[in-house]
Amino acid sequence: MDIQRKVKYEHELDPGFLAKIKRLSHCEEIDRCIQCGTCSSSCPMSVYMDHPPRQIIGFIKNGYREEALSSFTVWLCSSCYTCQVRCPAKIKITDVMYALKREAIENKIYPHRFSIPLLDKEMTKLIARDGRNSEMRLILRLYLKSFKPFNLLKMTPLGLKLMKTGRMSLKRNRIKGRKQLRALVKAIKENGK
Ligand code: SF4
Ligand code: SF4
């Protein structure tokens, strides 16, 4: 067994991480966290998370960038807003989770081949390009990029049923004003930096 250092030294932390997540989440209150744990005990998904929401907020406050961005927690958050409503420090925890997702995708720091970040990334790409989601294209990309093409075969009967009932289509959905959409996406990206 390899013995690894678990403790981080101050120079390995990211001192600008808190300010960046504050800006991306539009939440100035992150450093008011009193570590009460209300968020973690209220979260319906915390039993599946590697780090509960309280710990994620602690990582952000203290500059543990890698730990916060590579955690499964942000991808398991179902955006139910329970933690956000109950937080006594008025921290917008759900919005912070969204900011972490964006930052993780931007920096390619997320659990690879894990379907949730892949789904997020591919859906965002489709919508930014076409202005609409096309379920069939999204599903194909997801299974191919997660290297699970055989799972796609298992889903074929369900896919056929959905197509038969008009719930899914092979058609590519696109809006007309794609040029304007591209300009809009570019401006949002530039503003978010
Ligand atoms: S509920 Fe709010 S104050 Fe309490 S630990 Fe969670 S983020 Fe911090
Ligand atoms: S918004 Fe996310 S982190 Fe907060 S309680 Fe719901 S699932 Fe948990």
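Which helix gives the most to the shell around ligand 1? Helix H3 does, with 3 residues.

The model is predicted: local features need pLDDT of at least 70, side-chain atom pairs count only at pLDDT 80 or more, and totals for chains, interfaces and linings use all residues. Residues are numbered from 1 along each chain as its sequence is written, while chains are lettered from A and ligands numbered from 1 in the order in which they are written.

**View 1. The shell around ligand 1.** Ligand 1 is surrounded by 15 residues (C-beta, placed from the backbone, within 6 Å). The closest are Cys33, Cys36, Thr38, Cys39 and Cys87. Helix H2 (38-42) and helix H3 (53-62) each supply at least two shell residues; helices are DSSP runs of H or I, at least four residues, numbered from the N terminus. By class, the shell has 11 nonpolar, 3 polar and 1 charged residues. Here Ala, Val, Leu, Ile, Met, Phe, Trp, Tyr, Cys and Pro count as nonpolar, Asp, Glu, Lys and Arg as charged, and the others, Gly among them, as polar.

**View 2. The shell around ligand 2.** Around ligand 2 lie 15 residues, with Cys43, Cys77, Cys80, Cys83 and Thr94 the closest. Helix H6 (82-86) and helix H7 (93-106) give two or more residues each. H7 has the largest share, 3 residues. The shell holds 10 nonpolar, 5 polar and no charged residues.

**View 3. Contacts of Val96.** Val96 touches Ile21, Ser25, Cys27, Ile30, Ile60 and Ile91, not counting residues up to four places away in sequence. Contact requires C-beta atoms, placed from the backbone, within 7 Å.

Methods
Two residues are in contact if their C-beta atoms, placed from the backbone, lie within 7 Å.
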